[in-house]
Amino acid sequence: MLWGRLIRMAMSDSEVVGSMEAVPVPAPVTTGPATSTISVDGITGEVTVRKASGKVKVRKGQSKEEYENQLHDYFQLNGGPRKTEEKWMDEVDPLRLLQEKDLTIKLNRQSLSNFCERLYYQRRYDECLTLGEELLRRYQEVNKKNKMQREIEELEYMVKRSKGK
Amino acid sequence: MEKGSVLIPRPKPLRPHNDPLHIIKTRKATHKRPATIAGPMVRYSKLPFRQVCRQYDTDIVYTPMILAREFVRNPHARLADFSTNSSDSPLMVQVGTNNVMDLLKFVEMVAPYCDGIGINCGCPIKEQVREGIGCALIYNRELLCSMVKAVKEKYGDLVRLETKIRIHEDWDQTVKLCRDLCSAGVDWITIHGRTKNTRSSHTANFEAIRYVVDRIRDKQVPVVANGDCLQSEDVQKIAEITGADGVMAVRGVLSNPALFSGFKTCPWSCVEWFWYYTLEFGGLPYQLLQHHLYCMLENMEVPRNLIKELMDVKGTAELLDWFGDHFELKRYGEPGFATCVDIPWKNQ
């Protein structure tokens, strides 16, 4: 019965985010033999996991404002999940991207290296060489404590091989 | 639909060609075979692999399990866990969750970009079970049914919702769970023929799936059978034994994405498609790329010494060259691309 109340609260929270002011009610929920017990805060979604050993772990909830910020980031700023159609990379100039992106972020570097790999796959070795040399130069500028060694080695490999093809 | 200042898109419209429930219900009548489904694999069911599966008669493809808690809270998790495109359909997004709040938020964020959502109630990994996720849910009937009910009450037929469960030691418990899920509004149920504690080295129990199928028939909710679909001939066999409307392969398609097209071993064309899609969509983490190719080449019975060489290669470009050294690897657009079945050895 308690769970039924929580469900109603959870649903109304999702549909009308403004119902967050209600008092949180934790609901103990057993998760089966020899596992653990979890409690869910019906308002914020905070989950308390009580392990068989007695140790308690709290998984943080999410306020209405925090969720709205995520919705804004996801739908408004990014237009949903990342979408990669075939040939999407033909529409993007990686050298321009190189000027815009923060190269200390690994995901940005991976994205740029992927342009180089695609050119290598397509046997467009001259373009691969040009882009690879520029990426190498820029990566080396931000390579602190040699943490990007593997990425730099991969670019060096493509540059070296592209010269020979 | 506007919520606060954020415009939230509606769930993606469902038509006969992309409605997974319609596909599962009609394949036996229209194609004389069960619906064919590539199941969710931790790490591996990313967009390039999903597109390869679709080249070979796979009706429905799943994403890897995405943790709702992380997805609704963390932009980096969203970027890492889910990418798609206009041809990524019919697509099921599998979610790992232990509460209604996160699930409803997750559905709100994902439903505009997929054709259905599946709740993972089968993952036996200790770390997830401890959190009340995956397999833990089959021992928590009330919670699981409340999650299904909450989504279906909010979205009705606008969102397809599936649960993927494992069997219990006591099959009647599975029957009870399935009947309750049907009453809660689940669109279909995928049943893995192993219990929480059955090792993958033990065979899946199709009789148990049949037992459940026979006892929920009156509910008219389709069942998909999962487990040990490793060869093309397994598809019909599993459907016949279990009476299921669809068959899900997981490890089988990882090694041979053309399994549902009737290929006994992975055709070379899969390798060429996989290389193309991986690089066309913007790459995969190298270890993923390497593991996919390892699984396919091993299935083709490439000699062990070459497989070992492949595993020693350290980067994407080097791996491309390794393929070029040993095989005639055609690029997309080149004559004969993705038409070869047998391994095109370089020196033959």
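What pLDDT does chain A average, and what share of the residues score at least 70? Chain A averages a pLDDT of 80, and 78% of the residues score at least 70, pLDDT being the predictor's confidence in each residue, from 0 to 100. Over residues 1-35 of chain A the pLDDT is below 50, although this stretch has 83 contacts in the model beyond near neighbours in sequence, where contact means heavy atoms within 4.5 Å.

This is a predicted model, in which local features need pLDDT of at least 70 and side-chain atom pairs count only at pLDDT 80 or more, whereas totals for chains, interfaces and linings use all residues. Residues are numbered from 1 along each chain as its sequence is written, chains are lettered from A and ligands numbered from 1 in the order in which they are written, and side-chain values use heavy atoms, with hydrogens and water left out.

**The interface**

Chain A contributes 65 residues to the contact and chain B contributes 67 residues. Between them the two chains bury about 5,600 Å², 56% of it on carbon and sulfur atoms; buried area is the accessible area (1.4 Å probe) that two parts lose on being put together, summed over both. Across this interface the rule finds 6 salt bridges, a salt bridge being a side-chain nitrogen of Lys or Arg within 4 Å of a carboxyl oxygen of Asp or Glu. The side chains of B:E280 and A:R118 meet in a salt bridge, at 3.1 Å from N to O.

Over all chains the count comes to 40 salt bridges.

| Pair | Closest N and O atoms |
|---|---|
| B:R33 and B:D59 | 2.8 Å |
| B:R54 and B:D88 | 2.7 Å |
| B:R217 and B:D214 | 2.4 Å |

B:R33 lies in the loop between α1 (20-31) and β3 of chain B and B:D59 in the loop between α2 and β4 (60-62), so the pair ties together parts that are 26 residues apart in sequence. Helices (H or I, at least four residues) and strands (E, at least two) are DSSP runs, numbered from the N terminus. Both B:R33 and B:D59 are buried, where buried means under 20% relative accessible area, exposed over 50%, and partly exposed in between (1.4 Å probe, protein chains only).

B:R54 lies in helix α2 of chain B and B:D88 in the loop between β6 (83-84) and β7 (91-96), so this pair ties together parts that are 34 residues apart in sequence. B:R54 counts as buried at 17% relative accessibility, as does B:D88 at 1%. By contrast, B:R217 is partly exposed at 45%, and B:D214 is partly exposed at 36%. Salt bridges that share partners also join B:D19, B:K152, B:D157, B:R160 and B:D187 into one network.

**The annotated site**

UniProt, in an unreviewed entry, places the feature "binding site" at B:P40, B:M41, B:V42, B:Q94 and B:H192. The lining of the second largest pocket includes B:P40, B:M41, B:V42, B:Q94 and B:H192. UniProt positions are given in the numbering used here, feature names are shortened, and annotations may be inferred rather than shown by experiment. On a 1 Å grid over the protein atoms alone, a pocket is an open set of points where a 1.4 Å probe fits, with protein on both sides within 12 Å along at least five of seven lines, and lining residues have an atom within 4 Å of a point.

B:V42 is in the loop between β3 (35-38) and α2 (47-54) of chain B and is partly exposed, with a relative accessible area of 48%. B:H192 is found in strand β10 (residues 188-192) of chain B and counts as buried at 11% relative accessibility. Leaving aside its neighbours within four places in sequence, B:H192 is in contact with B:K164, B:I165, B:R166, B:I167, B:I209, B:N226 and B:G227.
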